[in-house]
Amino acid sequence: MRIPCGVAAFLAASHSVVVVVVVAAAEAPQQRQHMAWPSAEPASANQKLPSYQNPKYHPDRKRANAVKQAFRISWDGYYKHAFPHDSLRPVSNSFEDDRNGWGASAVDAFSTALIMGEHKIIDQILRYIPDINFNHTDSEVSLFETTIRYLGGLLSAYDLLTGPLKPRFDYSTHQTSLILHQAVRLADNLKVAFDTPTGIPDNDLFFSPPRKKGSTSNGLATAGTLVLEWTRLSDLTGDPQYARLAQKAEKYLLHPKNPAMGEPFPGLLGSSLNLDTGLFEDGAGGWGGGTDSFYEYLIKMYLYDPSRFSVYRDRWVLAADSSIRYLISHPTTRPDLTFLAMWRNRTLHYFSEHLACFSGGNFILGGLTLDSPAYLGLGLDLVAGCRATYTGTLTGIGPEIFQWQDNTAPLNASNNSPPPTHQKLMYSRAGFWVTNGGYQLRPEVIESYYYAYRATGHQKYQEWVWEAFLAVNATCRVGSGYSSLMDVNLPEGGGWTDFQESFWFAEVMKYAYLVFAEEAPWQVKAGLENRFVFNTEAHPIRVAGGREKYGGWRG
Ligand SMILES: *[C@@H]1O[C@H](CO)[C@@H](O)[C@H](O)[C@H]1NC(C)=O
Ligand SMILES: *[C@@H]1O[C@H](CO)[C@@H](O)[C@H](O)[C@H]1NC(C)=O
Ligand SMILES: *[C@@H]1O[C@H](CO)[C@@H](O)[C@H](O)[C@H]1NC(C)=O
Ligand SMILES: *[C@@H]1O[C@H](CO)[C@@H](O)[C@H](O)[C@H]1NC(C)=O
């Protein structure tokens with residue numbers, strides 16, 4: 001999942017004083033030539049067929065089981081010390097209700113347990129779902145977080161249990177229908193969020209009774225990462241109201257009303273929208289936290305149903321093409337690495353984040369879906385860049401935020417400053433320096449390795465997942481589970497924060513497992529063959545359109 005506050009400092013700066021000295025050359029970035037596909041795996045001249053047209057996979061039961069083992073350890077710790085609260089504190093063997101106390105880890109673990117075939121855990125979660133009281137919570141509700149974790153988790157479990165997993169379990173129709181019933185209950189409580197002058201939702205709510213907090217603006221990612229889940233809910237229930245609400249809000253994102261401010265590059269947008277006017281309030285953004293999953297869902301909506309969401313595809317293509325044209329950046333010390341710059345209006349800023357590492361996988365998915373070597377090639381380059389942020393640190397785990405100096409923009413300009421003295425050595429060796437060294441059990445790098453593997457079948461990507469899994473297993477494993485870290489560049493990760501995120505279950509465990517698992521209907525495929533599309537929390541949602549519509553379950 002993409003947390004909507006990753007570039008908070010950057011975005012805040014764009015709202016406030018803004019003493020950004022405009023450097024003429026940086027203000028109008030020159031066109032960047034993207035390396036010919038596929039630069040990550042140089043093709044020989046006679047190799048005509050791209051490998052993604054017929055990749056061969058190499059399931060590895062031993063490694064798949066090692067990931068399952070980590071999943072069981074995390075679940076057992078959670079179940080013993082935290083369930084039915086939201087999250088485990090593995091060092092102190094206690095819990096935290098960071099997501100309204102509805103059992104976030106249980107709901108987030110559900111689709112992963114189903115895919116892994118963990119019967120005991122599936123039973124425990126399925127029995128719990130009907131008991132969740134979505135009418136009440138003492139804390140503020142985030143529409144975005146609740147949608148991607150709870151709504152996404154419930155819809156995915158329902159899709160899996162009524163679809164390809166139906167023959168494998170003897171749950172009654174009544175039991176599975178209770179999952180959908182809870183999803184409807186939750187959405188009915190959330191939908192008041194959309195009751196604004198424009199229909200762009202207020203992300204912040206209180207419950208009992210459900211009401212808006214009264215925010216005046218919403219973020220690009222928080223507003224633009226609802227449409228898959230809310231559309232799926234309508235398609236499953238036959239009640240169009242949920243899809244209508246989310247798609248009406250999305251219109252302001254697909255067609256910015258003030259593009260001079262809100263769309264500094266074609267398809268690449270600002271971060272904040274006014275709920276009363278629908279106008280963008282800034283022109284700062286990137287493929288990182290705060291804006292990320294808006295772009296992610298554009299291509300995923302097209303995959304979900306090509307007949308209804310071709311405009312979403314067109315907007316993704318625009319954003320992808322602008323990224324290739326303007327944002328590709330290589331560090332001065334490691335021109336072999338590829339990252340995407342952030343922007344503030346048309347000025348680029350050369351930093352990125354763990355969160356933004358989903359973009360490699362998203363470009364690959366776009367390349368597979370639209371049969372585009374250019375998107376696939378950039379995706380593989382970005383995947384390799386993000387791997388360098390893992391192999392470049394002491395723990396072998398990538399940092400939360402990192403920075404570099406672009407090798408074509410004027411050196412030492414205010415937007416292209418050199419590394420601080422104590423990180424010069426690191427920069428010359430690794431091609432980036434660390435701005436924030438935390439690791440919050442995030443999935444994006446492993447997620448993108450998974451897409452790279454599914455697109456190419458190259459075992460190299462399985463090795464990369466395995467090395468990342470071993471590093472995380474060696475450093476984050478503590479007490480009754482796994483914990484976030486203070487600093488990936490210090491011995492033992494600088495210590496544990498004593499917190500096991502719910503998305504550890506939904507995402508890290510799932511993508512790490514899938515890359516070693518057997519073929520299955522939910523595995524990512526090329527073209528429109530996909531029968532599932534993963535929401536931003538890695539919950540697989542059954543697609544409505546595509547060829548699956550006509551093919552049924554084929555094994
Ligand atoms: C939640 O509220 C709905 C609508 O008022 C009601 O039908 C339902 O029984 C309530 N559920 C619980 C568990 O309180
Ligand atoms: C971005 O452009 C808008 C006008 O379109 C301007 O008001 C704003 O100050 C600019 N922001 C920065 C950081 O340059
Ligand atoms: C940029 O700054 C670094 C460190 O302050 C300095 O060594 C270097 O000479 C500067 N380069 C240019 C082109 O100004
Ligand atoms: C993961 O860590 C645990 C605990 O340190 C260890 O027992 C296990 O062997 C590790 N798994 C792998 C695959 O190295």
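Contact, in these legends, means heavy atoms within 4.5 Å. The model is predicted, so that local features need pLDDT of at least 70 and side-chain atom pairs count only at pLDDT 80 or more, whereas totals for chains, interfaces and linings use all residues. Residues are numbered from 1 along each chain as its sequence is written, chains are lettered from A and ligands numbered from 1 in the order in which they are written, and side-chain values use heavy atoms, with hydrogens and water left out.

**View 1. The protein as a whole, with its 20 helices and 19 strands.** Helices (H or I, at least four residues) and strands (E, at least two) are DSSP runs, numbered from the N terminus. Of the 555 residues, 62% count as buried, where buried means under 20% relative accessible area, exposed over 50%, and partly exposed in between (1.4 Å probe, protein chains only). The protein exposes about 19,400 Å², of which carbon and sulfur atoms supply 53%; accessible areas come from the Shrake-Rupley method with a 1.4 Å probe, and for residues only the protein chains shown count as cover. Among contacts with a separation of 6 or more, 72% are between residues 24 or more positions apart.

**View 2. Asp204, a buried acidic residue without a salt bridge.** Asp204 belongs to strand β4, which covers residues 204–206. The nearest side chain of opposite charge is that of Lys213, 4.8 Å away; a salt bridge requires a side-chain nitrogen of Lys or Arg within 4 Å of a carboxyl oxygen of Asp or Glu, and in assigning charge Lys and Arg count as positive and Asp and Glu as negative, while His and the chain ends are not counted. The side chain of Asp204 does make a polar contact with the side chain of Ser215, at 2.8 Å. A polar contact is a pair of N or O atoms within 3.5 Å; within protein, one must be able to donate a hydrogen and the other to accept it, and residues adjacent in sequence count only if both atoms are side-chain atoms. Neighbours within four places in sequence left aside, Asp204 is in contact with Glu140, Val141, Lys212, Lys213 and Ser215.

**View 3. Ligand 1 and the residues around it, Asn133, Asn135 and Arg185.** A residue is taken to be near a molecule or strand if one of its heavy atoms lies within 4 Å of it. An oxygen atom of ligand 1 lies 2.4 Å from a polar side-chain atom of Asn135. On its own ligand 1 has 360 Å² of accessible area, and the protein covers 32% of this.

**View 4. Ligand 3, surrounded by Leu411, Asn412 and Pro418.** An N or O atom in the side chain of Asn412 is 2.3 Å from an oxygen atom of ligand 3. Ligand 3 taken alone exposes 360 Å², of which the protein buries 32%.

**View 5. Two cis peptide bonds, Phe83 to Pro84 and Ser208 to Pro209.** Omega is about 0° for the bond between Phe83 and Pro84, and Pro84 is placed in the loop between α3 (61–81) and β1 (87–89). For the bond joining Ser208 and Pro209, omega is about -5°, with Pro209 in the loop between β4 and β5 (211–212).

**View 6. Positive phi at Asn93 and Asp498.** Asn93, which is not a glycine, has a phi of about 50°; this residue is in the loop between β1 and β2 (94–96) and counts as partly exposed at 35% relative accessibility. Asp498, also a residue other than glycine, has phi near 65° and lies in the loop between β17 (481–482) and α19 (502–514), where its 11% relative accessibility means that Asp498 counts as buried.
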